[in-house]
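User: I am new to this structure and would like to go through it piece by piece. Please show it, and then I will ask about its parts.

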Amino acid sequence: MNSIDGLRDRLGRIAYGGDYNPEQWPEHVWDEDLRLMKEAGVSLISVGIFSWAAVEPEPGTYDFGWLDRVMDLLADGGVAACLATMTASPPPWLTARHPEILPTGADGTRMWPGGRQHYCPSSPVYREHAAGLAERVATRYTGHPALALWHVGNEYGNVAPCYCDVSADAFRRWLRERYGSVDALNDAWSTTFWSQRYASFDEVLPPRSPAPFANPAHAVDYARFSSDELLACYLVEKEVLRRVSPDVPVMTNFPPSLRPADLWTWAPHLDVVAYDAYPDPYDAAADAKIAFSYDVMRSLRDGQPWLLMEQAPSAVNWRARNAPKPAGAMRLWSWQAVAHGADAVMFFQWRQSRGGAEKFHSAMVPHGGPIGRIFEEVRELGHELAATTALPGARAPRADVALVLDWPNWWALEQDAHPSADVRFLDAAWALHGPLYDASVACDVVRPDADLSAYRLVVVPNLYLVDEEAARGIERYVEDGGTLVMSFFSGIVDPHDRVHLGGYPGPFRRVLGLRVEEFGPLPESGTIGLSQGTGTIWSEDVHLEGAEAVEYFTTGEPAGRPAVTRHRYGRGTAWYLATRPDPATTRRLVDRIREEAGARPVLPGLPEGVQARARVTGDGPCYIVLNHRTTPVTVDLPGPMSDLLGGADAAGTVRLAPRGVAVLRPAG
Ligand code: GAL
Ligand code: ZN
């Protein structure tokens, strides 16, 4: 039962609710909360995420009375609880008694209490206390009728990497296990460079603000280690929960930034993937960018429905300027998550805080009470989602396109002392994912060593770090008839950040049919002419070895040399981008490549700004159609479909209001 299926059967609907922090309010408010939750169609509430100090006010003294009452109220009100183990933020008594658990920055600065999540992930003292509290909480509430899901930690990726002596010790143990001997470490880290050779593991430190640049292999291993240490914190608690409360699924919510933790290594340890999404309403590409995150979340456990654990009802409060979500955007973006495979739509937070650092963050129930636009939209969405019972549990069909994502590559790509500081992984991924998104072409996200054979098109943004075997797998995919698009600065180094010798792009030279002799990064905000359009960020000196040039550079040093190439290889085709073309040019190229590869939009003929994604229910496919435009639009459908949101049955067309949504099922 400890799976998403159990949760789905229990909730029987797309889960709806948010973070609930009742300890911030007098008890008489709780009754109103429950009444309003009913009114808003709330079915699931996350409780206790930051409640450590409230349940253990002094070491070993517990006060669960208030939480018992909250849990009982929820059970009586028919609202399920996603109950936290409450270990996300250590209480003042713990850091006062054990200052050694406070994290230390790369420059040696201690981080002090007063904010949150201030703990060293390697600290045995923190882990022991966290496991102890998890055990208390689990023992007390397992079997409680409100309990539906365990919530461990909070956004582990946002816990700062720690560089303290405890972490240094743990890092040495991690290295010993990984390398076995200090000779192997020296070899992997290329320590003959700059006189860095270690005589023993005991001499190794975390990469603490080294001068002038860190050894990149050392730095990337520290990122791997830091991800593993956070995962270990999660696993310590998960083990307790499994033992004490084996029937209840366990999750943790991933932060908006995908970068800090290697989620491929985390995913097998989760019963269900959960994500917190905070698209910026001021960013015109917000929906396209968040779509990439959603595709990652759906792909982490191979298409299993995931949970949108947090989003803002309207504005956040942590950007320099915090835009409210315009009318209809909250609904539209919620449905966007469902379209990309989410089985829950949740918010931070239920009731807007009166004090504290997040009092200007919007909430489902605003400071002014349950009146006005926000609560109105919250209530309408709650009921709409409740009525769409066909969707929970429905998986997205396998996409035609896969995009390759690898975390060590991401970390290695963004080290110092590279040809250009402008080569950032997320920009590269968005640049290639965006045109697919804009064309309503579904995209899965895969590891570099995944079985690619089911995909018509494989997109590889900046795979700078890659091992020979994964590269060989990508080559074989093309050999066997696949279509590949790869962007520049790929195939450059091995997993220890050592260059693949013999000409760039190393293990991809054969499949791409070319050799790159020199990199030509562009000046800040510079552009370079292409036969059609412009290039940004990068140019390079490409020599064809079997590939043909499809676009040329027309200005600057590489004028006349290939900028975009195509290589027929085996039964397939490999494309290479030696620059980042401007968005319109990339769109044109990606459209052409994916059409040739046979990768199709989810629905044909959708107007620009209208998105569709499918989920396959027991009764066949459902198409979620989203109008991201601020004008109404009529969409021609491939046949008659009915709208589960109660829009009129449409004979082959559907009319969408500005920011409108339809959930369509083929009629008949
Ligand atoms: C999340 C966090 C929440 C809350 C929210 C505000 O990252 O998990 O606790 O701080 O941001 O946007
Ligand atoms: Zn530490």
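User: How many of the 29 residues of helix 9 are buried?
Analyst: This is a predicted model, and a residue in it counts as buried when its relative accessible area is under 20%. Helix 9 is largely enclosed by the rest of the structure, because its buried residues number 21 of 29.

User: What distance separates the end C-alpha atoms of helix 9 (residues 216-244)?
Analyst: At 1.5 Å a residue, the 29 residues of helix 9 should span 42 Å. The expected span agrees with the distance between the end C-alpha atoms, which is 42 Å.

User: Which residue caps the N-terminal end of helix 9?
Analyst: The backbone nitrogen of Ala217 has a side-chain oxygen 2.9 Å away.

User: Which protein residues are the donors of the zinc ion (ligand 2)?
Analyst: The donor atoms lie 2.1 to 2.3 Å from the zinc ion (ligand 2). In sequence the donor residues follow the spacing C-x41-C-x1-C-x2-S. They are Cys120 (SG), Cys162 (SG), Cys164 (SG) and Ser167 (OG).

User: How many residues apart in sequence are the parts that Cys120 and Cys162 tie together?
Analyst: Cys120 lies in the loop between helix 5 (92-97) and helix 6 (124-141), while Cys162 lies in the loop between strand 4 (147-151) and helix 7 (165-179). Cys120 and Cys162 are both buried. The pair therefore ties together parts whose separation in sequence is 42 residues.

User: What is the geometry of the zinc ion (ligand 2) site?
Analyst: The site has four donor atoms, with angles of 96 to 116 degrees among them. Four donors count as tetrahedral if all angles lie between 85 and 135 degrees, so the site of the zinc ion (ligand 2) is tetrahedral.

User: In strand 9, which residue is the bridge partner of Leu308?
Analyst: Strand 9 (residues 342-347) is mostly covered, with six of its six residues buried. Strand 8 (residues 306-310) runs parallel to strand 9, and three bridges join them. The bridge partner of Leu308 is Val345.

User: Through which helix does the chain cross from strand 8 to strand 9?
Analyst: The path is a right-handed β-α-β crossover. Its helix covers residues 329-339 and is helix 12.

Definitions and conventions. Residues numbered from 1 in each chain as written. Chains lettered and ligands numbered in written order. Predicted model: local features only at pLDDT ≥ 70, side-chain atom pairs only at ≥ 80, totals over all residues. Heavy atoms only, no water. Buried < 20%, exposed > 50% of the residue type's maximum accessible area, 1.4 Å probe, protein only. Helix = DSSP H or I, 4+ residues; strand = E, 2+ residues; numbered from the N terminus. Pairing = 2+ DSSP bridges. Right-handed = clockwise from strand over helix to strand, strands pointing away. Donors = N, O, S within 2.8 Å, 3.2 Å for Na, K, Ca; no water. Tetrahedral: all angles 85-135°; square planar, octahedral: opposite > 155°, others 65-115°. Expected span 1.5 Å × (residues − 1). Polar contact = N/O pair within 3.5 Å; in protein donor to acceptor, adjacent residues only side chain to side chain.
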